Every structure is written in structure tokens, then in C-alpha cells.
Amino acid sequence: MELFTRRTIGCTILCSIFLTSLAFAQDEQQATNFGRQAREGTPSLLRDPNKPLDQRERIHHLLSRLTFGATDEAINEVEKIGIDVWLKQQLEGEVQETDALKARLAKIPSLTMSNQEIVQKYRVPVPPLLRNPTPEQRKARAEARATHEVPKNDLKDTVLMLAVYGENQLKEVVCDFWRNHLNIDISKGNVKYYATEYERDVIRGEAFGKFSAMLNKEARHPAMLVYLDNYLSRAAPRTDLVAAAKQALFKTRDFGAAMDAVDIAKMKGINENYARELMELHTLGVDNYYTQEDVITVANILTGWTLQQDPKKPIVFEFRRDMHASEPHLLLKKRIPAFPRNPEMEGQYVLRMLAMHEGTAKFLAYKLCRYLVSDDPPEELVNRVAKVYRRKKTDMREMYKAVLKDEEFYNPKHYQSKFKRPFEFVASALRVTNAEIEFTEGIHGALILMSEPIYQCEDPTGYYDQADAWRDPGVMAPRWSFSLGLGLEQIRGVRIPDSYWEELKPGNPVQWKETLTKRILPGGCTEKTSDALDAVIAKYARFNPTPKQMGGYIVGILLGSPEFQRQ
Amino acid sequence: MQRRNFLKMSAITSGAVCLNVGGFRAAARAQFGPRDNPVLVVIYLRGGQDQLNTIIPHKDKKYYEIRPTVAVKEEESIALDDQWAFHPALEPLKAWYDKGKVAAVVNSGSPHSTRSHFDAQDFMEYAAPGNRTVHDGWLNRYLAATVPEANKGYGLPELRTLAMQELLPRSLRGRYPVLAVPNDLNGLQEVLDLFEGFYAGEGKVDLANFLKKSTNVRSGIEADPVMASGRETIYGLRRLQEVLESDDEDEALENTAFQEYPAGHFANRMQKLAKAIKSGVGLEVAATDVGGWDHHIGLGSVDGALDRMLAFLAEGLSAFMTDLGSDLDRTMVLVCTEFGRVCKENGNAGADHGHGGAMWLLGGKVNGGKIYGKWTGLEESALNQKRDLPVTTDFRDIFAEVLQGHMKFDVPDGFFPGYKAKTDSLGLFT
């Protein structure tokens, strides 16, 4: 049961009726090029990459990739019930969440609000910033700005809480995948007021559904329409509309809404932004199958796909016929049928066609394998997964299964070969320490220092999941600070519960080290790490620390170790 | 458990080299010789900085007509000559302009017509308008193409380049490894020391060789890339801290003690850069961003958002130039933005995304005290799409001239994809 559902999203006028009329696009075989060179991963420091994984290693691998942080305890549990049972539960995504998590999310009102409710409650007018403001001016401005941030902060907290405390870890992991695949940035314009619903309906709502449905939803969602500018895209300029929009909206003094509406009215023609990203990033992959003419064609077809602009009404998708360019269209060398009575159907037809396209199957399969298996996934695996995607009519649960049931998934060379992204690193550190989070500022702050704040990737590519996007010199420093800060409880609002130290026997540092290493690095650690840890413990023993004091250091160091950066 | 104990302990544990500041600088100089290499600092104003209210055509009636509420009144602006005036917030730069150390190029920008911040910034920072296959920043390409002899067979800890922010700007992204510097370096020393034992190794790097490899730069540096990244983090940041924490008795550094920087991240970063440049450790390229120039609303005249932002920019830059002292002669600051803003103000005392904008050059060898760029006036017929300043100087003309004229780098064909360097330079450098 999804935790923060609201009303079911209105009519998903899915063009299933077209499904029958639409044959699979059988383009001539084209070399698939995802515009990226092969990426190297981070091979395990610990084992021979040719020796097959034993059962425990298989579980460790599975949990490393499908949860935010594999612990020794979790491995034991899966060992008990078996991989298949665990997978079956997780693929349903309906494991009961803990009461603590449910209670916590229930306290966040914006999670269940509509776009319109969020705008009305949180988008209050902000006085301009002056060079020498009076204290009152300063305060009024700060308060208004803080109010704007509320829904955005609520959303970030929710994503974080679910990743750390959610019982449906596989779901959280695939949501993380889709959040980046269909990226929006809450720092851009009004996106922050629409992102909550986007997460709820598009990402979480469709993570186990069909990609064709998810694509149809994201294309129509106000958050995406604004983020990639399609709400502005129109057939021809209409000066009369500019004047009308200005008159109507400046009266309301709601600059945010006025900006959207006036910008739409002023647009001089099509905006290619969304059309391009739709094919480049969401479906076919960069420069695969499509040309610049196709981008323009799709942009034309999607003119008039905008958002409802009357601030008194719900902020939802609206098809505006007066903004739509009605022309005969040829896309990917195929004729797109005209729908004179309802030209919105042209766009739906195109989305369906793109979702079912073999290029999309390959691109999604490639990205999913890259995310779950290896920075440079084997082509045969990608092809197998792509086939399942098309055979199962874009069903994503089937696609996940195809990856996870494939023996290639357990190829020992993939074991611990992925470098954790900052979000994965932070979530897993909090998980393996059973951390209790009272406030989240310190965690979000750390994610900014590590360059991966939640829902704030400016680039429509989303955050990259390959190691070489994250290993720049300098990046380890904030990870180490966070690690030690967490171990020593120096991150405001975050603490490790006393129960975490209960197993540490007084006066026995060797046992402390062994216990904590097993918990945090269930795959073991290198001799170098072990030696360095011994050196720290030996020096530290002089201060006669309690298990918790010493344990804090050991935890901090283990979280900052080269081993913990991998999954 | 006391933090102090931990600090003590960690220092012992790692057996870390304690700071030996004077010794370090002497060693640095002995190792590299006194550095007199040219330095380029690139500041990116994100959001589309407004040219018209910054470098004001103060004798043009049309300016006051099309900006009835946000125009800067003639008596309030700082006249440079019969054509141009500075916004009053740029007062700290006026003296530098008069000394010939500051220049600007008006109506500059990209030949690509996009009004998207994202595209325009990408295109400019990759220096490849309209080309989406280029994913190495122009500064990174410069660094990769010019690995100095001293770096061959040597490790990365050389502070040749710094990104003064946690995220590398796109201009510095690419194959050449660049150190991203956290805003807050306090307390990092202990952390670096503590983790050294876990990441240290003996690897030495032949950087030039690695750059020749078509794949990842770091693949050959150290068998394990995570270990390598950790080690580079330790050495790079430690080296930077040593430079920043060195005392100021050295003659070359003496200005710092007397130079007042304003508050804020920007000035703080500039202060760190000044120190790194003066320390003679071979810093060549640095970059930092200043965000928040997207003034759709509340741009204002002399009392709005632009006023405030120009003030802290100008104060920070002026302090930086003073601080550099004689090193200003080898330093060049290039200030860019993705586009300017629409000439006419909009209904919200702001201006929407435009096209042509201003770029700034500041430094000892700039042929300054001049406003460059072809100005075509504000008549509607002369504007881009009847609304924006047209682009009369391609930003690549400026980038190329900076690399050629200041960095003494012979820009090879293809360095700026699809662009041929102009034979007649703008004459930006003395």
C-alpha cells in the first residue's frame, strides 16, 4: 500500500485503443550508440573476480544493489527465507511499512496536497531584496522565502526517509532510478510546487507499472511541462493573448502564476526542449534513430500541451487547441495519423509509439542494467532485458525481473563493483548504523557538499550512476566528514541509538572492531583497512574509551573506508 | 570522549606530516622555482546578467524610454565617457577602470539563439554552441592540452587548477582531474590525517601519459580508482590548506593582511584564490560561480536586486585585485554570463531572457579603461528579434583571445569545435 496516495490521478486517457493499430516500430537495425564510452567500475578489493559467488555473497550482492545498504542482519534474514521469496515480496512493493515511518510521514501535510493546494498555501508573495534593507524588510522577505521552501523540503525529507527506513527497499531503489531517468529540478521556477504530486503519481505511482503509462503521465505533468518548457511551446505568437494574460493575471498579484501565463502567451513558436529530451533522455537515447527534423516534428505535435493557467482552478495538464500546430506529421519515417477532432491524440500516439520502440527498449534496458548490474553492462544481458520489455508491452516489473533472474546479475565481476553515488552513500550509512533522524538539515547539507541534493539535478540527464561521474579529487572529503560526524554524533539531529552499542563488550576493542566491521562491511575488509583500523584502536586505547566512544570512531572510519564506497 | 583527544590521537595515528608552513613554501619554491605563469580566473554569473543596467548607454534617450522604472538615472550613474556609464554599485571598479585594468565587451554572447539557461550555459562552458556531443569544458580541454613538463612523471597534488566550489562548473569538467574545493575547509585537516592510513599509497603519476589514453584519466594512476580518488583528495586539499594557512611574513604575501574583503562565499573564495596565486605554487586556472542573476522581477534601478549583487561582485573583485599586488600582472579574471536580458523592462520591474550580454576582463595586462564590442543602439530595428541586444562579438572570440593573448596557448584547430579563430584580435591585451 503506497504511503502517500491521494485521489487517483484523473483519467489516464491511455490510448490503449491505438495499441492494436500500432505495430512495433520495426526500423532497420541500427548500431545502438548511447553516446558514452565504456565506463570502468570499481572492482572489488577483496576477491578473485573469476571465482563464482557463494550463496552468502549472492545475497550480499542482491541486497547491495536492491536496498540502500546491505547489513549482516538483512543478509541473515534473506538467507532464512530465500532469495526467491524475498524478491517476490519486494517486487510486489507492498510490504507493510513500520508504524514509526507511517506516523512520521503522516505528519507532513504537503505530501497529500494537490498542486493547487500547495501553491495556495505556500507560494506567498516575496518583497524584493534591497541593498540596505530594514530589519522588518529583511524578516518579511526571509519568512516568505522560507514558506516557499516548505513543500520542497517536505518532499526531500520524504524521499530520504523512505530510502532509509522503507521496508520496500526494491521499490525505493527503482524509484531512485526513475527519478533520475525522468529528472525534474525543484530549483527551477514553479517546479517545486508541482514536484510532490510528480513524485506521488508519476514516480511512485508508476514504478511497477508500464513505461507507456509512466511516459504519458510525465509528459502531461505540470512539473515536467515547466521543467522542460513544453508548457511554453506554441504554434504561433499571439500578441492579443499576451495583453489578455497580463491583464488577467497581474491583477491577482501572483507573480508566479503570471509568469507562467505571460511566458506562454509571449512564446514566439515551438520550444524544442522537451521534445528533444523526450527522445534523447526518456526514450530512444541520444542520436539513436531520430534526427533534428524529428525533434521539430515532436515539438510541433506537442504544441498546446501545457498547464491550466487560471490560478483559481486546479493546476493540471491542459491541451490548448489554440496553441497547437496542426500539420501533417512524419516521425521516424512514419506517418502520424491526424486526429482532427482531438489533436491531443497525436501526442498520445507519439508517446505510445516511442514507448514501444525498439530503441527505447534497448536504451531503458541498458540504463537499468547499468544501474543495477554494472557501469558497463554486457550487451547480451541488455538485449535479453530489452526483449522482455517489448514482449511484456513495456511492463517494468517484468523488466526488473528479467535483470534479477538473469544469471549474469550474479557474475562475480559485478560484485561490489559499483561506486555509491552520494545519495546511496548517505542513505546506506544511515541504514547500517540504525541512525535516528530527528531533523534532516545536516543530512541535506551533506548531500549538497557531495553535490547530490535530492531532486535538484539541474541537468535533465538526472544524476549519473556511473563511478567516473563522482570520483573527482576532492569528493572524498565530505564523505569522510559525514562518516565521522555520523559515528561521533556530530551531525545535528542525527544519532545512533544506544542499542547499537549493546553488543560491544566492555574492555574488548578487538570484539568491537569485529562486530562493527561485520555489520558495516558484511563482505569483509582488506588487510590494509584492517591494519589501519588496528592502528587507530591501539593509539586510542590509551584514553580508556567506553564501547560507544571507541565504537563511534570505528563506525566513522568504516563508513569512510574504500570498501564502504562500493556496492 | 573529548574531541581534542581524538584530534591528538588522529595526528599520532596517521603519523601525518605536521604543518611546517614556512618549510613548505620554501620547499614549494625550491621544487618548482618561483612561479610567474599566467593565471586565468573565470567567474560565471549564472542566470543571465543584465547588461543594459550595468554598462549603461547613458546618453541614449531610448534607454530611459524603454526602461521607465528600472533605468538608472543619468545623475546616479558613473559616467565613463560620452557613451557609457557604470551602475553606481560598480563604484569600486571605477578606479581600476581608470587605471586601465578593467575592460568589458558589450553585446557579446553565443551565436546560438537559445533562451534556455541550461543550454546557453552548456554551450558556453563547453564552448560549442549547438553541439551536444562535446562534454569536456573549455578550461578542462585547455588543461589537458597543456600538461606542463614539471608535471610529467609527477603526481596530481600540484595545485594547477581549482574549482572554488563543491560542484565542478561545466567549464572545468572533463578528463583532466580538477580538485573541487569545499567552501568550509575548517576541521578538514584532522579528517584528512585520519583517513590517510586507509588511502595512502606509493603511486606516482605520469599525467601526460594518462591524458593520452582515450578512456578515464585515472584508470592507470592507481589500480583501485576509489583509493586513487581518496589519495588525491588528501594530497590536494592538504596542499591547498598548507598554502592557505601559511603566514604572511613573506614579502609576496604581505597584502593579504591589510586587504579587507567583504563577507560572503564569493569574496571568501576570491581571497583563497589570491593567496594560492601569490604563493607561487603554480595555480593556472580557477573558476567559480556566482548565481542568482535571473531577474525576471525586481531587477530594480539603484535599489533592487541587481544593485545589491553588483555591489558585492565589484567589492569582491576590487579587493582581490588589490590583494594580488604585483601578481595582478600575471592574473586575468574573465567574467561571463549565458546571455543578457531583454532591453525593454517587463511588467514586474524586471527583464526577461535576452541575447547579447556583457563580458568583463580584469587584470594587470588587460588593455583596459575601454568598453569593447560593436554597439548598435537600442532602436527596435537594430535589436535581435526586436527585443534583445544582438550578439556582435562571439564569446569564442574572447575565449580564444584570452587563451592566446594571456595564457600564451596556441589554440589548435578544433579546440573550439566548428569555430575558426579570427585573424584580427579584439586587442584585449597589452
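Predicted model: local features only at pLDDT ≥ 70, side-chain atom pairs only at ≥ 80, totals over all residues.
Residues are numbered from 1 along each chain as its sequence is written, while chains are lettered from A and ligands numbered from 1 in the order in which they are written.

Let's start with chain A, which is divided into domain 1 (38-358) and domain 2 (422-565); such bounds come from an automatic or database domain assignment. The centres of these two domains of chain A, taken over C-alpha atoms, are separated by 31 Å. Where they meet, 30 residues of domain 1 of chain A are in contact with 29 residues of domain 2 of chain A, contact being C-beta atoms, placed from the backbone, within 7 Å.

Now for one residue, His329(A). It sits in strand β3 (residues 329-331) of chain A; strands are DSSP runs of E, at least two residues, numbered from the N terminus. Is His329(A) buried or exposed? His329(A) is buried, because 20 other C-beta atoms lie within 10 Å, and buried asks for 20 or more, with C-beta atoms placed from the backbone. Leaving out residues up to four places away in sequence, His329(A) touches several residues, including Thr297(A) and Glu346(A).

Finally, chain B: three strands make an open antiparallel sheet, ordered β2-β4-β3, where pairing takes at least two DSSP bridges between two strands. At the edges are β2 (55-56) and β3 (78-79) of chain B, each pairing on one side only. Ile55(B) stands opposite Phe86(B) in β4(B).

Definitions and conventions:
Helix = DSSP H or I, 4+ residues; strand = E, 2+ residues; numbered from the N terminus. Buried ≥ 20, exposed ≤ 12 C-beta atoms within 10 Å, placed from the backbone. Contact = placed C-beta atoms within 7 Å.
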